[in-house]
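Here is a short briefing for a first look. Start with the surface, then move to the overall build and one residue.

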Amino acid sequence: MTTFRAYEVSEIEDNLFRGIAVEKKLDDLPAGEVLVKVSYSSLNYKDALSASGNKGVTRNYPHTPGIDVAGVVKQSSVSQFMAGDSVIVSGYDLGMNTAGGFAEYIRVPAAWVLPLPEGLDALAAMQLGTAGFTAAFCLEKLLANGLEPDQGEVLVTGATGGVGIIAVMLLAKAGFQVAASTGKLSHDEWLRRCGASTVLDRSELGEASAKPLLEERWAGAVDVVGGDTLFNVIKSLQSGGSVTACGLVQSPYFQASVLPFILRGVNLLGIDSVELPLATKQAIWQRLAGDWKLDGLNRITTVIGFGELEQSLTAVLQGGAVGRFVFDPAA
């Protein structure tokens, strides 16, 4: 019987979780119509939460995280996929309560699987991964709500993280002037090479303010931070501006006022990249392979293997990661 390696996280004592590479059998994988040999996965904040034992993400352990995969179909019981097809699996329950991509194989329902779009290879797909998909979905929502390049600067918070840096790159490619907010000002030049025209310290936005409105500054924004940062962004949007909310690394909560919404007509746009219809996901991936295809992904990527997973996940969880970590099970 075929065996494979997987990164398995277990609770070794109360509230202490540790991951190691273990040998598994294909029969250990959950039921599903499509067996995929993993070419690459990527590290996301949700993976770091799962690996640290966050029961809001993963209920039962031992568990293999990894919420996205690019790979090759090895077995399929449905007609839309055949052995040898290159595919992407991202979101839904993968890596949450279904064994995920930090392994050499996954088995999933066919309803979670997309063909790898022409124009992307497996590595590029996971250099983007869920983070890049989320950034692209943010851009799509901002454009749908009327954002145009001549309206002014667009802010990206948490700009050195996975979603943030790809949002900077996508906005710049689309012709926007991008302001990048970060706690890592030592990466100023790196952010500018990725497309930022302005770099500011996150402390400018991160402290609570009793003022219900701030000076109008941003034409739009992509926020991955949440908390007081998100509310300060809302208060400093231009009239009619929009901010997409797709993260909570500062906090899932903030004290809000209705005044920015009724006096400036601003929009708070929620981003859920997990449970979208498959057709919506496919359309966004097609854009990432087409008119939104990014150069320079190697500049923001560190490729790791099983031996670097624990350290890299800790860096992501603690906010110390820069750019994207891509997991290669063969590394």
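The protein exposes about 14000 Å², and carbon and sulfur atoms supply 48% of that area. Accessible areas come from the Shrake-Rupley method with a 1.4 Å probe, and for residues only the protein chains shown count as cover. This is a predicted model: local features need pLDDT of at least 70, side-chain atom pairs count only at pLDDT 80 or more, and totals for chains, interfaces and linings use all residues. Residues are numbered from 1 along each chain as its sequence is written, and side-chain values use heavy atoms, with hydrogens and water left out.

**Overall build**
- The protein has 9 helices and 15 strands (DSSP runs numbered from the N terminus: H or I of at least four residues for helices, E of at least two for strands).
- The radius of gyration is 20 Å, close to the 20 Å that the globule rule gives for 331 residues, so the protein is as compact as a globular protein of that length (taken over C-alpha atoms; the rule is 2.2 Å times the number of residues to the power 0.38).
- The C-alpha trace spans about 65 × 45 × 35 Å along its principal axes.

**Packing**
- Buried residues make up 52% of the 331 residues (buried means under 20% relative accessible area, exposed over 50%, partly exposed in between, with a 1.4 Å probe and protein chains only).
- Of the contacts with a separation of 6 or more, 70% join residues 24 or more positions apart (contact means heavy atoms within 4.5 Å).

**Threonine 134**
- Threonine 134 lies in helix H2, residues 122–144.
- Threonine 134 counts as buried because its relative accessibility is 6%.
- Leaving aside residues up to four places away in sequence, threonine 134 touches Val163, Cys246, Ile271 and Ser273.
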